[in-house]
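My entries follow in the order I made them.

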Amino acid sequence: MKFNWNMPAKLRPSYQQELAAYYTSWDKGHVLQAWQHLERAHILGQPYPLAHTAVHWQMLLFGFKTRNSREVIGQVPRLLVGGIKSWAGMIPLGNTGGANVPPLKPLPIPEDLQQIIDAAH
């Protein structure tokens, strides 16, 4: 079992860029685009407990802001166990993190994100 702690320094800018793009899209009223940036940040941050938990927190807030009770309810268990599963290296790679996807289902990683991940390791 591999224990993960900190996000590699080479990966951090891409993760932060996705979060910044989320905020910018949200501020412009581009709700769907904002969500897509959260999903991308989730894919990048998923192996790292703090980054993973931070994205789920933003997803929970997104659920509240959009009055999406399904998302709010779906984010609570992800917040409680997501970071622990990241730390233990037991995550479904590529999972986008939203309540619309089963929490243990691996998904294909978009090619551009896979290139970023590969270059960071």
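For contacts I took heavy atoms within 4.5 Å. With that cut-off, and not counting residues up to four places away in sequence, I found that R78 touches H56, G97, G98, A99, V101, P102 and P103.

Notes on the source. I am working with a predicted model, in which local features need pLDDT of at least 70 and side-chain atom pairs count only at pLDDT 80 or more, while totals for chains, interfaces and linings use all residues. Residues are numbered from 1 along each chain as its sequence is written, and side-chain values use heavy atoms, with hydrogens and water left out.

Entry on R78. I placed R78 in helix 4 (residues 69–87); helices (H or I, at least four residues) and strands (E, at least two) are DSSP runs, numbered from the N terminus. Is R78 buried or exposed? R78 is buried, at a relative accessible area of 10%. The cut-offs are under 20% for buried, over 50% for exposed and partly exposed in between, with a 1.4 Å probe and protein chains only. I also checked S14, 64 residues from R78 along the chain: the two C-alpha atoms are separated by 22 Å.

Entry on H56. H56 belongs to helix 3 (residues 49–65). Its relative accessible area is 2%, and H56 is buried. Leaving aside neighbours within four places in sequence, I listed H42, Q75, R78, L79 and G97 as the contacts of H56.

Entry on helices 2 and 5. Which residues meet between helix 2 and helix 5? From helix 2 I noted R40, I43 and L44, and from helix 5 D112, L113, I116 and I117. By class, this contact has 5 nonpolar, no polar and 2 charged residues. Ala, Val, Leu, Ile, Met, Phe, Trp, Tyr, Cys and Pro count as nonpolar, Asp, Glu, Lys and Arg as charged, and the others, Gly among them, as polar. The axes of helix 2 (residues 31–45) and helix 5 (residues 111–120) come within 10 Å and cross at roughly 35°. Axes are lines fitted to C-alpha atoms, for helices over the stretch in contact, and angles run from 0 to 180 degrees between N-to-C directions.

Entry on the whole chain. I counted 5 helices and 0 strands. Along its principal axes the C-alpha trace spans about 40 × 25 × 20 Å. Of the 121 residues, 45% count as buried. Among contacts between residues at least 6 apart in sequence, 62% join residues at least 24 apart.
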